[in-house]
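Here are my notes on the model you sent.

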Amino acid sequence: MDRMDPEVLDKAMQLCHQSDTEGEGGLPRSQLEAILKEACPTADDEELAHLVSSVDINGDGIVQYEEFLRWLRFPPSPGGKMSFEDTLKSGLLDRMGEGGGSSCGGGMVDGMIEEGPAE
């Protein structure tokens with residue numbers, strides 16, 4: 001996915017803004033882990049922590065919006081077999097309207113996106 005659908009991009013930014021309760025310009029790693037766990041409840045906590053650490057490119061403990069969007073845009077693994085990361089991304093994107101189908105699901109992301117942008 002080189003370019004994100006504008007509607008999905010808007011929903012991703014809504015998710016970021018609504019989750020950024022401290023106004024830090026991003027999400028604490030623990031909060032992103034919780035969002036991903038809700039999107040894909042079968043995900044292993046240790047693998048989630050490792051993945052979120054890799055998304056936090058500058059290593060400051062906050063996944064900035066740009067880091068999060070860069071991760072969402074990153075293409076899936078080659079060869080047609082979905083990796084752990086691809087499965088999580090698919091589950092999250094399904095909630096935002098652009099997923100390719102996944103066995104993951106979750107209410108937290110749905111509810112946050114349906115509420116609309118944070119005031």
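1. In which hand of crossing does H2 pass H3? The crossing is right-handed. The model is a predicted one, and that applies to every point below. The axes of H2 and H3 lie 10 Å apart, and the helices pack at an angle of about 125°. Angles of 65 to 115 degrees count as roughly perpendicular and those over 145 as roughly antiparallel. H2 and H3 are therefore oblique to each other. On the H2 side, the contact is made by Arg-29, Leu-32, Glu-33, Leu-36 and Lys-37. On the H3 side, Asp-45, Leu-48, Ala-49, Leu-51, Val-52 and Ser-53 take part.

2. Overall layout. The chain has six helices and two strands. Read from the N terminus, their order is α-β-α-α-β-α-α-α. The chain has 119 residues, of which 38% count as buried. Take the contacts with a separation of 6 or more: 60% of them come from residues 24 or more positions apart.

3. Salt bridges. How many does the structure hold? There are two. One joins Asp-56 to Arg-29, with the closest N and O atoms 2.9 Å apart. This pair links distant parts of the chain, 27 residues apart. Asp-56 sits in the loop between helix H3 (45-55) and strand E2 (62-64), while Arg-29 belongs to helix H2 (residues 29-39). Is Asp-56 buried or exposed? Its relative accessibility is 2%, so Asp-56 counts as buried. Arg-29, at 25%, counts as partly exposed.

4. The other bridge. Here the side chains of Lys-37 and Asp-45 meet, at 3.3 Å from N to O. Lys-37 has 27% relative accessibility and therefore counts as partly exposed.

5. The nonpolar core. In soluble globular proteins, nonpolar side chains tend to be buried together. In this model the largest nonpolar core has 24 residues. Which members touch the most other members? They are Leu-32, Leu-36, Phe-68, Trp-71, Leu-72, Leu-88 and Leu-92. The elements giving two or more residues to this core are helix H1 (6-19), H2, H3, helix H4 (65-73) and helix H5 (84-96). H4 gives the most, with five residues.

6. Leu-88 as a worked case. Leave out residues up to four places away in sequence. Leu-88 then touches Leu-36, Cys-40, Ala-43, Leu-48 and Leu-51. Leu-36 is itself among the core members that touch the most others.

7. H1 against H4. The crossing of H1 past H4 is right-handed. H1 brings Leu-9, Ala-12, Met-13, Leu-15, Cys-16 and His-17. They meet Tyr-65, Phe-68, Leu-69, Leu-72 and Arg-73 of H4.

8. Arg-73. This residue is placed in helix H4. With 31% relative accessibility, Arg-73 counts as partly exposed. Arg-73 and Leu-9 are 64 residues apart in sequence, yet their C-alpha atoms are 9.8 Å apart in space. Both are listed in the H1–H4 contact.

9. Leu-27. Strand E1 (residues 26-28) contains Leu-27. Its relative accessible area is 0%, so Leu-27 is buried. What does Leu-27 touch, not counting residues up to four places away in sequence? The partners are Cys-16, Ser-19, Asp-20, Leu-32, Ile-35, Gly-61, Ile-62 and Val-63. From Leu-27 to His-17 the C-alpha distance is 8.8 Å, at 10 residues apart in sequence.

10. Glu-47. This residue lies in helix H3. Glu-47 is partly exposed, with a relative accessible area of 39%. Along the chain, Glu-47 and Glu-85 are 38 residues apart. Their C-alpha atoms are separated by 9.0 Å.

Technical notes
Residues are numbered from 1 along each chain as its sequence is written. This is a predicted model: local features need pLDDT of at least 70, side-chain atom pairs count only at pLDDT 80 or more; totals for chains, interfaces and linings use all residues. Side-chain values use heavy atoms; hydrogens and water are left out. A salt bridge is a side-chain nitrogen of Lys or Arg within 4 Å of a carboxyl oxygen of Asp or Glu. Helices (H or I, at least four residues) and strands (E, at least two) are DSSP runs, numbered from the N terminus. Buried means under 20% relative accessible area, exposed over 50%, partly exposed in between (1.4 Å probe, protein chains only). A nonpolar core is a set of buried Ala, Val, Leu, Ile, Met, Phe, Trp, Tyr and Cys residues joined through side-chain atoms within 4.5 Å. Contact means heavy atoms within 4.5 Å. A crossing is left-handed if the near helix is turned anticlockwise from the far one by less than a right angle, and right-handed if clockwise. Axes are lines fitted to C-alpha atoms, for helices over the stretch in contact, and angles run from 0 to 180 degrees between N-to-C directions. Angles under 35 degrees count as roughly parallel, over 145 as roughly antiparallel, 65 to 115 as roughly perpendicular and the rest as oblique.
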